[in-house]
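Thank you all for coming.

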Amino acid sequence: MRGYSYGSRLFLPASEIARNQPIPNLLDKRLVIVTGKGGVGKTTVAVALGLRAAAEGKRTIVCEVSSQENTSRMFDHTSVGFHEVEMEENLWSISIDPDESMREYVLLQLKVRAMRDMLFRSRIFNYLAAATPGLKELVTIGKIWELAQLDRKVKQGRKYDLVIVDAPATGHGVGFLQTPRTFASIARVGPIHSQAQTLDRFITDHENTGTAIVALPEEMPVNESMMLEKELRDEVGVAVDRVYLNGLYPERFKKEEAEKLSQLVETENGAAKAAARAALSEYGRAKSQRTQLNRLKRGVEAPVKTLPFLFEPELDVEAARTLAGRLS
Amino acid sequence: MASVGEVLEGKSICICAGSGGVGKTTTSAAIALGMAAQGLKVCVLTIDPAKRLADSLGLEELGNEARQVDPALFEAQGVEVKGELWAMMLDAKATFDELIARQAPDEESRDRVLNNRIYQQISSALAGSQEYMAMEKLFELHTEGDFDLLVLDTPPTRNALDFLDAPKRLTQFIEGKSLRVFMKPTGLAAKVTGRGVSVALGVFKKIVGFDLLADLAEFFNAFSGMVDGFQARAKRVNKLLADPETCFLVVCGPQGEPIDEAVYFHRKLVEAKLPFGGVVVNKVHYPADELRAEVEDLPAALADKLGDANLAKRVAANFADYQALAERDARNIDHLASELRTSCVIRVPYLDEDVHDLAGLSQIDRYLFATAEERVEMAAGRA
């Protein structure tokens, strides 16, 4: 077995670990990070995974880190903020705000009340907290870790079977997950060093933590998903368990039928022409999407699952429920 | 309803803003091409173009310098361009380094900043530096005055606020006002701020486990000679953004979420007193309203024409699905137009193929630069 030493621990190269692991069921993990480029449907997939796990009887929480309250909006719920709020049976949601996470972290670290109060009032503390590169990301990941603990650090914390993270868009995504390791190497001593190491171990623990990449069947998103998988495996060292290709059109028409319809476009007018055009457009899209699907399957190591395009006006919780049925 | 050409009349800067995944890069490139086609010398500043698009523009090695798209390529793809199209890819780190080199009073101060660990983190990783540098590059190119029009494709931000606030936040950080007061080793500041500060610093050091303050002190020392230059420059950049010659276009998709974000972004632009020009909505399903009467007996009519009842049923069902999406898009766009109190909402249809070459861009331009009547006609033709 090849390996390299990092401090006192023996690390296997991340890529090696990834290849040697069998693929466990995604929802049997404790933490699932849903990631991908902006606008590919990460929130919908995260919520669909949450609904699925909840239906299987798992106490599940979906965490948002962008403060956009997309999850609560999907459930037609008021903003949840930094609170664990129940959306449905077995399914909770929280929006992780870095300032609140920082506050909670300091509260857990400092037992003396007067000192905490002074600290929060201190302008310089707030300035330093804002200025330290990566600290916001670190405390956010810290909160995710805390939520996934069976022995919760916050008072009367609920125990969850599964934590699902609706991660920031690619670009921010990989850097975000790498923060603990970066921090562990900068802060060589002190509590944050060991805590950052704990977080890094947590993220790269293939048995308990997994990622799902969400992609769209278009050229750019497919390229980016292939690159993202490589970065997640080789640079972050996290397990990539699934790639969900979202928004796949059904193959409604065969080639001979398309030819027939092309003739109709030439000879007809009005609704018949418009309908034939729409059918041809769908045929062309479905075809080019299959090309992208095949490229994706060839380009990634993780199993690719497709999710259908939903011809529905809004992607609400019912849409996510439909997708939840198609996840396995 | 106006066209992009009318909105950008007499403008020298066009900033395309919006959330990720709505086709900002493609729209920026299409706008730049369309304006170049009309005879202007245009440069598009892009963040991360699709490889095939960059390739098709002959820009495999797109870098932090503007490069001209070879006019022969336009001819080859059947696109008529009277002006010039230039493109560059923004490299935030390289731009920041250049800026430091320009602002530093001497080589020694320059190297001190470039080698500082805090600087390296900020220039490559700190949220906002990419946005700030995009503005910076824009300002630089505008000052040089080589182009009639600059089109900026903005970086994907988590939300619109980041994009507008980032430059301010970054400048404030570099100024480091609140911190510099505390950093004088002796003197009045230490006394005034007293015990609280030293305790706060102690606790902070204990929590993060390294002497951040030493790095920060070094950073601000290195920057000390440049702060005024940075402030002055930031002011001029802000002035340029608010200039009537600048035009912000909001780019979005027709689904509910992107529309909400476009509304939010527009509000932020208005609050910041920045010049808003219009909205481009991409991937719109055009409705075929005038055909609604015929839709009722469509399956029967189609079965008759196709001689295949099963196929006719599927064609009709598919059409109904598209119409439902078209109605949703129309509803969302009406909502958008009324929220923004603008008539300048330009709809680009959901094209049959992804756009990744000049011909595709020029197809988009048919919609971006069409008059209202032309657009309606094209839409009806496509349905």
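Let us begin with B:Arg341, which counts as exposed because it has 8 C-beta neighbours inside 10 Å, and exposed here requires 12 or fewer. Please keep in mind throughout that this is a predicted model. B:Arg341 sits in the loop between α17 and β8 of chain B, and although it is not a glycine, its phi is positive, at about 45°. Most residues other than glycine have a negative phi.

B:Lys283 is also a residue other than glycine with a positive phi, in this case near 55°. Its place is in strand β7 of chain B, which covers residues 276-284, and with 17 other C-beta atoms within 10 Å, B:Lys283 is partly exposed.

From these residues let us turn to the interior. In soluble globular proteins, nonpolar side chains tend to be buried together. Here the largest nonpolar core has 104 residues, and those with the most contacts inside it are A:Ala275, B:Val42 and B:Val151. Helix α17 of chain B, residues 309-340, gives the most to this core, with ten residues. Apart from it lies another core, of 79 residues, among them A:Ala46 and A:Ile213. If we look around B:Val42 and leave aside its neighbours within four places in sequence, its contacts include B:Met35, B:Trp86, B:Phe147 and B:Val151.

Now, how do the helices α2 and α18 of chain B pack? The angle between them is about 80°, with their axes 9 Å apart, and that makes α2(B) roughly perpendicular to α18(B). Among the residues that meet are B:Ala29 and B:Leu33 in α2(B), and B:Leu361 and B:Ile364 in α18(B). By class, the residues of this contact divide into seven nonpolar, three polar and one charged.

In chain A, helix α11, residues 255-267, and helix α12, residues 270-299, pack at an angle of about 145°, with their axes 9 Å apart, and α11(A) passes α12(A) in a left-handed crossing. The residues making the contact include A:Leu261 and A:Val265 of α11(A), together with A:Ala276 and A:Tyr283 of α12(A), and the contact has nine nonpolar, one polar and two charged residues.

Let me finish with chain A as a whole, which has 13 helices and ten strands, and in which buried residues make up 48% of the 328 residues. Of the contacts in chain A with a separation of 6 or more, 70% are accounted for by residues 24 or more positions apart.

Methods
Residues numbered from 1 in each chain as written. Chains lettered and ligands numbered in written order. Axes fitted to C-alpha atoms, helices over the stretch in contact; angles between N-to-C directions. Helix = DSSP H or I, 4+ residues; strand = E, 2+ residues; numbered from the N terminus. Left-handed = near helix turned anticlockwise from the far one by under 90°. Contact = placed C-beta atoms within 7 Å. Nonpolar A, V, L, I, M, F, W, Y, C, P; charged D, E, K, R; others polar. Core = buried A, V, L, I, M, F, W, Y, C linked by C-beta atoms within 7 Å. Buried ≥ 20, exposed ≤ 12 C-beta atoms within 10 Å, placed from the backbone. Parallel < 35°, antiparallel > 145°, perpendicular 65-115°, else oblique.
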